[in-house]
Amino acid sequence: MKIDLAVLNRQFELYQKEYESAAIKVLRSGWYILGPELEQFENEFKTYIGCEYSVGLNSGLDALTLAVKALGIKAGDEVIVPANTYIATVLSITENGATPIFVEPDIYYNIDAENIERVITAKTKAIMTVHLYGQAAQMDKITQIANKYNLYLLEDCAQSHGAHFDKKMTGSFGDIGCFSFYPTKNLGAFGDSGAIVTDNEKLYKRIKMMRNYGSRIKYHNELEGVNSRLDEVQAALLRVKLEHIKELESERKKIANIYLEEIRNDNIKLPMTRSKSEHVYHQFVIRTEKRDKFKCFLEDKGIKTVIHYPIPPHLSECYRYLGHKKGEYPIAENYADTVLSLPIFNGMTDNEITYIIDTINGYKG
Ligand SMILES: *Cc1c(COP(=O)(O)O)cnc(C)c1O
């Protein structure tokens, strides 16, 4: 049997007719950018998250970068960020000239809230939290720290669509919540796109201007903006998927729960969920000491896995200038050496799930 990490045509086939008619409707309409589909998607998405405003953008990275920029964070400012995250989170900080201050992850792979306060300085402007792999970070504690020190709170929700912390949706805790709709994400489009959500009208208006060359009225450019628009075809397709997000989410949870119940191998550490932190399993990430050997073992059996992520941002070549050393964030570095994401995607068959479990349970270490 051959199983990829994510087989995206399966999730398309689940609602194929709806996607096709939504796309054809836009193609026939003659209106392709900043039109009615985007407006309706933004309305539906902000309602889903539980925020006042939403702005559709070109990508998750744009959502993060424009969020940092809209808050006026710039060179000389510091932003606290987990050491264990995708590089995009950190790029949004450095793209604005600010300095990322890394904090080690906890056992749930999210920023360890216990370690945030001690890195706060006079230059700290914001905490950028990430709900990694689909599990909400410890938002009660993180929100409390942001309030206590009067810091902005940003949320990278690129992996956490639909995940709650204590019954409140990720993306609705901070000043701005940032989402990616990259095709593999839990709410994935069929191309690039992203969005921000916020309750702050000023930030909403600013980001809405920024995405369209800094103008509210055509050719009246108030800000130095960018081109970061979520097109009508993607918006129409996202509206279809958003309607089915609950079903898609339960399917991922169902697969994850079968893994959690049935994978039995002393060499493999299964993911854990913090009480109050919902996990929507964007990735199902295990840890094992001889990770590369285990990965090859699975590959030989036809099971494709991916490492999220093999090099932590502080050791990435592009950030050599930040001057971080190997050993500086040992927990994040250990995760980079031991984590492995197993296949989990909508439309996975029972046979595939069973085959993966049996193969893993037969691994001798
Ligand atoms: C995917 C992802 C992003 C970037 O989203 P794009 O749409 O690919 O730009 C940012 N942060 C995290 C944690 C992600 O997983």
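Which residues line the largest cavity? Ala83, Asn84, Thr85, Tyr309, Ile311, Pro312, Pro313, Ala332 and Ala336 line the largest cavity, a cavity being, on a 1 Å grid over the protein atoms alone, a set of points where a 1.4 Å probe fits but cannot get out, with lining residues having an atom within 4 Å of a point.

## Basis of the model

This is a predicted model, in which local features need pLDDT of at least 70 and side-chain atom pairs count only at pLDDT 80 or more, while totals for chains, interfaces and linings use all residues. Residues are numbered from 1 along each chain as its sequence is written, and side-chain values use heavy atoms, with hydrogens and water left out.

## Cavities

A search of the whole structure finds two cavities of 30 Å³ or more, where a volume is the space filled by probe spheres set on the points, and grid points are joined across faces, edges and corners. The largest cavity holds about 50 Å³ of space, and its lining divides into seven nonpolar, two polar and no charged residues; Ala, Val, Leu, Ile, Met, Phe, Trp, Tyr, Cys and Pro count as nonpolar, Asp, Glu, Lys and Arg as charged, and the others, Gly among them, as polar. Domain 1 (8-243) and domain 2 (245-361) each supply at least three residues of this lining, the domain bounds coming from an automatic or database domain assignment.

The second largest cavity, with a volume of about 40 Å³, is lined by His161, Asn186, Ile245, Leu248, Glu249 and Arg252, which divide into two nonpolar, two polar and two charged residues.

## The largest pocket

The largest pocket contains about 690 Å³ of space, a pocket being an open set of grid points with protein on both sides within 12 Å along at least five of seven lines. Of the 40 residues that line the largest pocket, Ser180, Tyr182, Thr184, Lys185 and His282 are the closest to its centre. Helix H1 (8-14), helix H4 (60-70), helix H5 (87-94) and strand E8 (176-180) are the elements that give two or more residues to this lining; helices (H or I, at least four residues) and strands (E, at least two) are DSSP runs, numbered from the N terminus.

The lining of the largest pocket comprises 19 nonpolar, 14 polar and seven charged residues. Because domain 1 (8-243) and domain 2 (245-361) both give residues to the lining, the largest pocket lies between them.

## Ligand surroundings

Polar contacts, that is, pairs of N or O atoms within 3.5 Å, include one of 2.8 Å between an oxygen atom of the ligand and a side-chain N or O atom of Gln159, and one of 2.8 Å between a ligand oxygen atom and a side-chain N or O atom of Lys185. A backbone N or O atom of Leu61 likewise lies 2.8 Å from an oxygen atom of the ligand.

## Backbone features

Tyr309, which is among the residues lining the largest cavity, is found in the loop between helix H10 (291-300) and helix H11 (330-338), and the peptide bond from His308 to Tyr309 is cis, with omega near 15°. Tyr109, in the loop between strand E3 (99-103) and strand E4 (124-130), has a positive phi of about 75° although it is not a glycine. Most residues other than glycine have a negative phi, and most peptide bonds are trans.

Technical notes. A polar contact is a pair of N or O atoms within 3.5 Å; within protein, one must be able to donate a hydrogen and the other to accept it, and residues adjacent in sequence count only if both atoms are side-chain atoms.
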